[in-house]
Amino acid sequence: MADLEVRNVTVVHRKTVAIKNASLGASESEIVGFIGADGAGKSSLMHAIAGVRRFEGEISFDGVVFGSPKEAEKLKPSIGLMPQGIGLVLYKNLTVSEHLSFFSKIRNLKENSTLDAYRHRLLKMAGLERFTERQAGKLSGGMMQKLSLICTLIHRPKLLILDEPTTGVDPLSRRELWEILEEIRENEGTIILMSTAYMQEAEKMDRVYLFDSGSIIASGTADELKKTVKKYVYSPVPCESKRCICTDRYTYSLDSLKAQHKKPTLEALFFVNALRRNVEIPPIKVSIRESTEPIAPVVMEAKGLTKRFGSFVANDHIDMELRSAEILGLLGANGAGKTTFIKMLLGLYPIDEGELTLFGKPIKSAKDRRSLKTRIGYVSQRFSLYKDMTVRENLLYFANMHNIDTQKASRRMERYAHELGFESYMDSFPKELPLGINQRFSIAAALLHEPVVLFLDEPTSGVDAIARSQFWQMLRLLKKRWGIAILITTHYMSEAEYCDRIVLLKEGKKIVDDKVENLHKKHPKAENFEDIFLHYYERNNEF
Amino acid sequence: MNFDVIRAYMSKEFKELLRSRLILIVYILPTMIIILFGYGIRMEVTNARTLIIDNDNSKISRDLAERFHHSKYFDTVTVNAMSESEALNRIKQAKTDILVIIPASFEKRLLHRQKSEIGVFIDGAFPVRASTMENYVKGVIYNMAKSLHIQPKSLITINNRNLFNQAMRDEDAIVPGLIGLILLVAPAILSALLIVKEKEEGTIFNFFSSPIKKSEFIIAKLLPPLILHSVNIFILFLWATWLFEVPFRGSFLLYWIAAQIYILISLGVGLLVSIIASTQIVAIVLTIIITIIPGFLYSGMLMPISSMSGESKIEAHIYPVMYFNHIVYDTFLIGQGLDSPKNQLYLTILLFYALFLIFLGAWLMKKEIS
């Protein structure tokens, strides 16, 4: 019987304790989930279990006990590890089929018809049969993750360790990844350890471990865990004490409130835990802009915008309007053309066809844009911060780029730092900051020149629940108090609900453009936005 | 040892090298270095712009001017009258490199065995070049004095070393040394890159999490650079003998074996760098610093090791460069081959050096996240 047991494992990384005294167990065919904020110790524990990192304590699997990577060596034929990061273990210029044959060979598998058939099945499960000759670097993020997964599965591991395989992956690819996992554990009896930032995924797991600041603080089935916090979860009412947090859907309070109780989600665990640990979660504030310049009702208008890369059409005649005081969610699978579209709007890619009007001014050349740059704010997928400069120095640099008077800039910086809650990090380097803080500070950098329109490309990937909730609080306040237009892309369908309007791209074409409530009305059976998204994506070429 | 695993890794490396076009660097870089440095480093000076002021205008003075004129080392202009300050001004304006002033009644004094003074002014902006030019000038005057059976010392103070007649060809002195430099730098960079690239991009996890042995991984990573750069041993040989016309007097087999061992040393350096560096750019910079500086200083190109003393002599013996260059210069210019006990000793030292570096690297490398 292939059982996994982890006893008192501690991982120390350069003198800081990454995870302390973690113990857990799993048996055949189980999917075990790791949830917790960025830096809570999930990856370190996974690395220890996979035998790729030194640790203290003891791990036993399949009857073998090990206490170091060296001792784990004899177990490696039956372990599969997929580390965090999209396409991390792939070689960008090897093709899909070359990957499968490389992984078969380094796993020392006998080339025979059984292996061939298995490889075929994996390719089919991942929907990659048509792309066997494509180089990994040219696959979309979702495809890369599926390829990584089947490469990890090639030697039929009995223990599969997956570190955030679905972060940054669109809902459709995510569902396909899950289908592969379900099939594998059914047929092979594999134990699957998996960390995730999506709570809907955690709900589907057999057992969930909650990590916080280097230790496991709770475990159980999703229902058991939710039960433990049930009494602290209320319908949204304003908070009065420090032992209470209010988000737009829920209020979490350690003291009993008069408000009505509400059914908790797994996200509640994070909030209740933060309250118990007396973590101060400063409420986000946004004061009005200094500039009094009025904002036109339509800030951007695109007509038939098209972008081609060789014979590939990344954006196919897209019409879109961006209005002031509106949050527009731009959704679509990996590779549907979201980032390309934003880059075209920003002038980072030349427009191949179509008309673009920014602030009522038709854009024909780069010259037309120059004066408009001061009205646009942009945060890219990877926050473009200078990692050798402190937060303060970074912000000053961005202010200088926009020709903002130093006095005015430092006044604004202090205000943003205070309002967005990163005051205490002003003299730290970006890499010392939690992801959530980094993200808010990146947005502050994009807001220094008080833009009228803000473009955000997947700003929330990998950010934990609390930071995400604060992030959305900030966006809503920006919309309300500044009245600016915000365009955001995301893979969290739960976040789509926070947008005012949704534009859905599929294979470079726009297939949906509607208000969120209208979409819910159109699809009354859909439980959440993910269902709506999948509904549009499954229908083949009807549009 | 599982050769299928090694083969799989190696074929992956070759595909990546070809598709990422890194292969171009493997073959263009060494050729580029040998051509740039081979032509670029010039110790000898030719066509020095020389102004001769002949105040005497006699048979002997004209003969002296002729001698300068017929040398490929000088481009002469002879005038019969020009003030010294005007002439010196020409040096200041960098219009002239050398100024030779023949005094009036030069011939008369000479025939009367009276002391005479030829003024020589040389542009000293580049000291090495200046001293070379100085020696050339002295050589010309010395020669003339000899033909007149005059003790040159009574004419002008002349350095006894006669660099002039036996001037060695620069190519012969430099190009073999360059081979040593290139074979130390280029394979090290490639082997460090092949390993650090996986660390930087995260694919190193495939090694960590699979049953591949450390020895298999290292062999798979070092063999491709060894194979690719072995070709450069021949390419560089061709450039040296064909393009730069350096004579080859010794044993080709010795040259080849020594170069192969030397590449192994270079791979060992790359392996050690890959253990410290975690990004490709750091790996490149570190490798270049570690290999080029000693590769150049102790190559014997700038200064013969035999004329080094103290610390520099000790350092020269610590780095492998000296041993390889000794063998290379021997094979090209001298040809003693394996009969020379010094060559035998140096070859053995190189072999142990290579084994030491590679085993040290293999011991230091860990199959886990550091």
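Chain B and chain A bury about 2500 Å² between them, 56% of it on carbon and sulfur atoms; buried area is the accessible area (1.4 Å probe) that two parts lose on being put together, summed over both. This is a predicted model, in which local features need pLDDT of at least 70 and side-chain atom pairs count only at pLDDT 80 or more, while totals for chains, interfaces and linings use all residues. Residues are numbered from 1 along each chain as its sequence is written, and side-chain values use heavy atoms, without hydrogens and water.

**Interface of chain B and chain A**

- In chain B, 25 residues are in contact (heavy atoms within 4.5 Å) with 27 residues of chain A.
- Four salt bridges (a side-chain nitrogen of Lys or Arg within 4 Å of a carboxyl oxygen of Asp or Glu) are found across this interface.
- Lys15(B) forms a salt bridge with Glu98(A), with 3.7 Å between the closest N and O atoms.
- Helices H1 (3-19), H8 (170-201) and H9 (204-208) of chain B, taken from DSSP runs (H or I, at least four residues), each supply at least two residues of the side that touches chain A.
- H1(B) gives the most to that side, with seven residues.

**Nonpolar surface patch on chain B**

- A nonpolar patch of about 650 Å² includes Ile281(B), Val285(B), Ile288(B) and Leu297(B) among its members.
- Such a patch is made of residues with over 30% relative accessible area and no salt bridge, nonpolar side chains (Val, Leu, Ile, Met, Phe, Trp, Tyr) being joined within 5 Å.
- Ile288(B) lies in helix H12 (residues 280-297) of chain B.
- Ile288(B) has a relative accessible area of 33% and is therefore partly exposed, a class between buried (under 20%) and exposed (over 50%), with a 1.4 Å probe and protein chains only.

Conventions:
Chains lettered and ligands numbered in written order. Patch = residues over 30% accessible without salt bridge, like charges linked within 9 Å, V, L, I, M, F, W, Y side chains within 5 Å. Areas by Shrake-Rupley, 256 points an atom, 1.4 Å probe, with all protein chains shown as cover.
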